[in-house]
Protein chains: 2
Amino acid sequence: MVTLEDVAKHAGVSLATASRVLNGSTRQVGASLRARVELAATQLGYRTNVAAQTLARGAANVVGLVVHDLVDPYFAALADGAMRVAESRGLMVMVGTTHRDTEREIAYVSTLSAQRVRAVLLAGSRTADLRATRRLREELDRYREGGGRVACVGQDLLGADTVAPGNREGAAALAAALAGLGHRRFAVLAGPAGLITARDRTAGFAEALAGLGLPAPYVVHGSFDRDGGYAAVGEAVKAGATCVFAVNDVMAVGALAALRDRGVRVPEDVSVAGFDDIATLRDLVPALSTVRLPLADMGARALEMALDQVEEARVEKIPGEVVLRESTRRLA
Amino acid sequence: MVTLEDVAKHAGVSLATASRVLNGSTRQVGASLRARVELAATQLGYRTNVAAQTLARGAANVVGLVVHDLVDPYFAALADGAMRVAESRGLMVMVGTTHRDTEREIAYVSTLSAQRVRAVLLAGSRTADLRATRRLREELDRYREGGGRVACVGQDLLGADTVAPGNREGAAALAAALAGLGHRRFAVLAGPAGLITARDRTAGFAEALAGLGLPAPYVVHGSFDRDGGYAAVGEAVKAGATCVFAVNDVMAVGALAALRDRGVRVPEDVSVAGFDDIATLRDLVPALSTVRLPLADMGARALEMALDQVEEARVEKIPGEVVLRESTRRLA
DNA sequence: GCAGACTTGGAAATCGCTTTCCTGGAGGTC
DNA sequence: GACCTCCAGGAAAGCGATTTCCAAGTCTGC
């Protein structure tokens, strides 16, 4: 491997000059020397050793991104937004997927911190496991003490810059809209009891119904994915709901599949709504009523917040927009 | 930031000993010293500086992954598979998304090479742009000269270990299956003319039809995504096809949407098939006939090949499996 | 009891780059 | 022309690990 020293020798200049020419510096270098260095670099095929550079500079041109699951379009969209920002700033992105294992999340933060990444972006809901959250927070604090920056998408539980989707409010607005269609008996496919996003959406939905004087929804817990929706919806319809709210779109898809398998028609027999408005799922039949979140923008915004961090942590609330489509119908 | 030297001092041992205890080495360290070092490390909150480690060791515990678009479930699945392998080997993953820009792809390889990553995994179809392919290859060669390892998912065009999906064969098998249903007039939503994956699938399909003595399919080009399928399918049905083959599932989804918008029923009026068998899209109605590829396994396998690289480049062909579902019907 | 083989611990060189500090010369002012 | 300020260029001190080489002990086997 050809090093900067090789280039400097070949160009007949000092190491310092070569460094200034090739790797940016505030200092000027005379035109002739500059040209000599550049020529030498291309002739020899010089490639910066980023590790050495990072060591000398004390910070890497890398940001870390921790998501639960890249295959989940929710996280894919967030990651995409964040990666665009990273790209525009000349940063590489290191991605870790936790598959919803909080231990792994902590481990990733620790690894990323060891990598001296410029910023860490944590995407995805916290859980109600306070011990794990505390340990994660300690890990983040350590990282921040070393000059690291942190932002997250989700709940403001880590004392970091946060892009907080309006889960409660969005679910509440959705409840109001569905009630406006004439529904009175609701069920919620609420996902895991411990997942805060799931909880907030469930709670917001229930509160809005209560505020309208409607009966409390029938709540069914399950996993936060497609199969969770598939498994839970049976109980929901058995309970007599005319409208089922799945706390995310992917679960709603599972619910639709299950209903289809049982010969229950949507929306004729039962209405179904989701949350997130995942782009990949917009061509579903029947088209899913949902709450739209600008996921890519949220990922982008979170990374921006981390990189342009100010003194105190900011929380940016992202409102969801209710979108009614064919999967929910007006009751006679 | 606390350094290894701090730890060594605090524990009253040499730097060498501290290093051997904390960062793995073939050398043994006595139990008592070992304990002292470990205690000191946790007390001080020591965290390895990976950049320094990489510099000293000459290689990073990182692999690079270059994909076209993370939001596309095809790449998300590949990435997921690769990331599981990386995780199991204690490697971090740096991801770059090219958004189908070959220049960016080359730039990423260059950056990753500067990062001294252990391996680079290139996912996604090559294009017919030979100049770009040559430059990419040069860049890869430079990286390999420095000890880097390369693997790709797609076509064997880079002289690297390759996981090659059986595009031609899969499309041919699909054609045969669809012909077996009685179809004779086919159209292909063939994607961009320059994309080799798209070409191969189209060619395989057409060849199989020819082999069966059936008329050549009507080929419509367009973009390789959902909107490409949406836009192209109109022309396909106008041409009188009873069965439309979209060269990937995402395009097929677009095609289904367009047909629905025009009141064309699938599969009653026209049959539609895709390719890839994207998991997220399995709950579509009508369920999509397609060719299944084990995407996550392919991503995983490619990274394994890169990491366990042998002398000469290997090519591993992955057969696709035809899956007929409701979107294609038997003609009377 | 002793030569030889293994171990364990430490000193110091190295990895490849950045950046501070110094030096000499060019340009400007009075 | 003397004095001062700037500025381009180089020498060298880090950055924080790893690892080679040595020295000193500890076991073996006879």
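Predicted model: local features only at pLDDT ≥ 70, side-chain atom pairs only at ≥ 80, totals over all residues.
## Around the DNA

Let's look at that surface in more detail. DNA strand D has 27 residues around it. The closest are Gly30 of chain A and, from chain B, Thr3(B), Ser19(B), Asn23(B) and Ala56(B). If you're wondering which element gives the most, that's α4(B), with five residues.

What kinds of residues are these? Sorted by class, the surface near DNA strand D holds 14 nonpolar residues, eleven polar ones and two charged ones.

An unreviewed UniProt entry carries the annotation "domain: HTH lacI-type" for residues 2-57 of chain A. In the model, that stretch of chain A is 68% helix and 0% strand. Its end C-alpha atoms sit 20 Å apart.

## Two chains, one relation

A turn of 180° and a shift of 0.1 Å along the axis will do it, with an RMSD of 0.1 Å. That is the relation of a two-fold axis. Both copies use the same surface, too: 100% of the contact residues of chain B recur in chain A.

How many residues does the contact take from each chain? It's 39 from chain B and 39 from chain A. On the chain B side, at least two residues each come from α4, α5 (73-88), β2 (92-97), α6 (102-114) and α11 (249-261). The biggest giver there is α5(B), with six residues. By class, the side of chain B that touches chain A divides into 23 nonpolar, ten polar and six charged residues.

## The domains of chain A

First, look for Ala160(A), in the loop between β4 (149-153) and β5 (161-165) of chain A. Is Ala160(A) buried or exposed? It's buried, because 24 other C-beta atoms lie within 10 Å, and 20 or more is the cut-off for that label. Not counting residues up to four places away in sequence, Ala160(A) touches Leu140(A), Val150(A), Ala151(A), Cys152(A) and Ala313(A). Ser289(A) is another matter: it lies 129 residues from Ala160(A) along the chain, with 32 Å between their C-alpha atoms.

Next, switch to chain B and find Cys152(B) in strand β4 (residues 149-153). Cys152(B) counts as buried because it has 26 C-beta neighbours inside 10 Å. Leaving aside neighbours within four places in sequence, its contacts are Leu121(B), Leu122(B), Ala123(B), Leu158(B), Ala160(B), Thr162(B) and Ala302(B). As for Asp249(B), that residue is 97 places from Cys152(B) in sequence and 21 Å away in space, C-alpha to C-alpha.

Definitions and conventions:
Residues numbered from 1 in each chain as written. Chains lettered and ligands numbered in written order. Near = placed C-beta within 6 Å. Helix = DSSP H or I, 4+ residues; strand = E, 2+ residues; numbered from the N terminus. Nonpolar A, V, L, I, M, F, W, Y, C, P; charged D, E, K, R; others polar. UniProt positions renumbered as here; feature names shortened; annotations may be inferred. Least-squares fit on C-alpha atoms with pLDDT ≥ 70 in both. Contact = placed C-beta atoms within 7 Å. Buried ≥ 20, exposed ≤ 12 C-beta atoms within 10 Å, placed from the backbone.
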